[in-house]
Amino acid sequence: RLHKFISHFEVLDSIYFAAKPLKKNYLKLIDKHNINKNEIACIGDQIFTDIKGANKLNLLSILVDPISKKEHIITKFNRLKERKIYKEYLKRGEYYE
């Protein structure tokens, strides 16, 4: 799914199985493209992997809705915890459905 999505853009790059939220692969892409952290937007659908990893490096993170209902068992477990966080963000006006 990832490669199908990024094929529509010239300036995007990705790492398959990036082991998020570890910083290693985020830093690998930053170094590979010799870019500043303030030039990066990390887009993801999981708070505990995509968003947490970007935030650990103070990168702009954009949380989006999942595009597939088919998920790994660990992701399903994380989704339960994420629902509580979404509700809190909605109360504070920091998340939009």
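This is a predicted model: local features need pLDDT of at least 70, side-chain atom pairs count only at pLDDT 80 or more; totals for chains, interfaces and linings use all residues.
Me: How do I read the span of a helix, say α4?

Reply: Count 1.5 Å a residue and compare the result with the distance between the end C-alpha atoms. Helix α4 covers residues 73-92, so its 20 residues should span 28 Å. The end C-alpha atoms are 30 Å apart, which agrees.

Me: Where does α4 bend?

Reply: Look at Lys-81, where α4 bends by about 30 degrees. Lys-81 also lies over the face of Phe-48, 4.8 Å from the ring centre. Then, just after α4, Gly-93 takes a positive phi of about 75 degrees.

Me: Which residues of α4 are buried, and what covers them?

Reply: Here is the general idea first. An α-helix has 3.6 residues a turn, so residues three or four places apart point the same way. In α4 the buried residues are Thr-75, Asn-78, Arg-79, Glu-82 and Tyr-86. Their cover includes α3 (47-56) and β2 (60-63).

Me: How many aromatic pairs does the structure hold?

Reply: In general, a pair of aromatic rings is described by the distance of the centres and the angle of the planes. In this structure there are zero such pairs to describe.

Me: Why does Asn-38 count as exposed?

Reply: Exposed means over 50% relative accessible area. Asn-38 has 69% relative accessibility, so it counts as exposed. You will find Asn-38 in the loop between α2 (24-33) and β1 (41-44).

Me: How far apart are Asn-38 and Leu-59 in sequence and in space?

Reply: In sequence, Asn-38 and Leu-59 are 21 residues apart. In space, their C-alpha atoms are 6.8 Å apart.

Me: And what share of contacts in the chain join residues at least 24 apart?

Reply: Take the contacts between residues at least 6 apart in sequence: of these, 38% join residues at least 24 apart.

Key. Residues are numbered from 1 along each chain as its sequence is written. Side-chain values use heavy atoms; hydrogens and water are left out. Rings of Phe, Tyr and Trp (its six-membered ring) pair if their centres lie within 6.5 Å; planes under 30 degrees apart count as stacked, over 60 as edge-to-face and the rest as tilted. A charge sits over a ring if NZ of Lys or CZ of Arg is within 6 Å of the ring centre and within 35 degrees of the ring normal. Helices (H or I, at least four residues) and strands (E, at least two) are DSSP runs, numbered from the N terminus. The expected span of a helix is 1.5 Å times one less than its number of residues. The bend at a residue is the angle between axes fitted to the seven residues ending there and the seven starting there. Buried means under 20% relative accessible area, exposed over 50%, partly exposed in between (1.4 Å probe, protein chains only). Contact means heavy atoms within 4.5 Å.
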